[in-house]
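Have the model open as you read.

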Amino acid sequence: MKNTEIDTSWTFTNTVTLADFIRKNELQVGASGNLSSVILRIALATKIVSRGVNRAGLASMMGLAGEVNVQGEEQAKLDIYADKVFSSTLGRSGYFLSMVSEEREELWPAKKGSETSHYVIAFDPVDGSSNIDVNVSIGTVWGIYRRISDGSNVDPNDTSDFLQPGKNQVAAGYTIYGSSTMFVYSTGHGTHGFTLDPTIGEFILTNPQMEMPQDGNIYSCNEGNYHGWSEGVKQYVDTLKDPSKHASGNTHSARYVGSLVADFHRTVLKGGIFMYPGDKKNPNGKLRLLYECAPMAFLAENSGGRASNGNSSISDLVPTDIHARTPLFIGSTKMVEEVEKSIREHGGD
Ligand code: AHG
Ligand code: MN
Ligand code: MN
């Protein structure tokens, strides 16, 4: 190579980092800049969690911590680790008045000096915990609201800032710790995906303006719960398994990872429907509205998809409490509308 030719491939000339993208978008939507800094802070927290996830086997971070959380679920060591990373990285940012975590019973105030913060954040530090020890993709989910309280005092019993419909979110996102680590978020102007380049520690834009296919042939649900589902859900799933019963006559494939983030991420990219219905034992299903379903619904709608509790849009639901659960049907609009129709016609409980 003549010495005048410099190998510029390393300069990432066409690379757009998360910070570049946010700044460019911020100018377009005339944002204050606060929200941009918040999203970059969340991205930092998930990079730290990603490092923890990738080292879990080496740093004896696998397995259970021996504690049970407010959900009555056994906590994995990584659940607690990721909860601490998020609460410390975000709690000291000065951007949040208070925070809710799946792993903590009550909301808690961000560090002192956050009284003037505009936002509150709810997050699921590790989603898909049952998959940690078997090296299957897991994730982190978060949703941000503008606070509605006057912020004068953050009383752990005053959850009013969080009892808002998902459509009030100013931003939502997830990070999936899979074959690569991806950061996916929306501020209401499309859903965009970034892939972590660990060699430079940057999230690089790889999936701008993600568009969920309007229809699909993949269904994702835990069929071990089939007998507890409503007639409407059962009849819909039966049509997916028997082409002669489905209007399209098409066959469908079943895919179920058991981590909402992974099942949702595939659904955004390939189309399909993810379902966690209520059943006789748990009429409201298993997934939590505030920090699992509402953020995913926000992302689904910003990529052209739909999210429902079987009767109405997830984004219109107001949580009754910070850990309230809801049935979830999310994915390609046509498929979600099909299951809602089946529930109307054959019964939903
Ligand atoms: P979490 O690990 O945060 O408790 O979430 C697990 C959830 C969700 O990720 C997944 O879709 C669902 O649990 C799977 O539940 P089942 O194992 O009952 O199918
Ligand atoms: Mn979860
Ligand atoms: Mn979790």
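## A pair of helices

Helix 5 (residues 260-270) and helix 6 (residues 289-301) pack at an angle of about 15°, with 12 Å between their axes. Helices here are DSSP runs of H or I with at least four residues, strands are E runs of at least two, and both are numbered from the N terminus. Axes are lines fitted to C-alpha atoms, for helices over the stretch in contact, and angles run from 0 to 180 degrees between N-to-C directions. Helix 5 is therefore roughly parallel to helix 6 (the term covers angles under 35 degrees).

On the side of helix 5, Leu260, Val261 and Phe264 meet Glu292, Met296, Leu299 and Ala300 of helix 6; contact means heavy atoms within 4.5 Å. These residues divide into six nonpolar, no polar and one charged, where Ala, Val, Leu, Ile, Met, Phe, Trp, Tyr, Cys and Pro count as nonpolar, Asp, Glu, Lys and Arg as charged, and the others, Gly among them, as polar.

## The manganese site

Which residues hold the manganese ion (ligand 3)? Glu102 (OE), Asp124 (OD) and Val126 (O) coordinate this ion at 2.1 to 2.5 Å. Donors are N, O and S atoms within 2.8 Å of the metal (3.2 Å for Na, K and Ca), and water is not among the atoms, so sites may look incomplete. Asp124 also coordinates the manganese ion (ligand 2), 3.7 Å from ligand 3.

Both Glu102 and Asp124 are buried (under 20% relative accessible area, with a 1.4 Å probe and protein chains only).

## About the model

This is a predicted model: local features need pLDDT of at least 70, side-chain atom pairs count only at pLDDT 80 or more, and totals for chains, interfaces and linings use all residues. Residues are numbered from 1 along each chain as its sequence is written, chains are lettered from A and ligands numbered from 1 in the order in which they are written, and side-chain values use heavy atoms, leaving out hydrogens and water.

Definitions and conventions: Buried < 20%, exposed > 50% of the residue type's maximum accessible area, 1.4 Å probe, protein only. Parallel < 35°, antiparallel > 145°, perpendicular 65-115°, else oblique.
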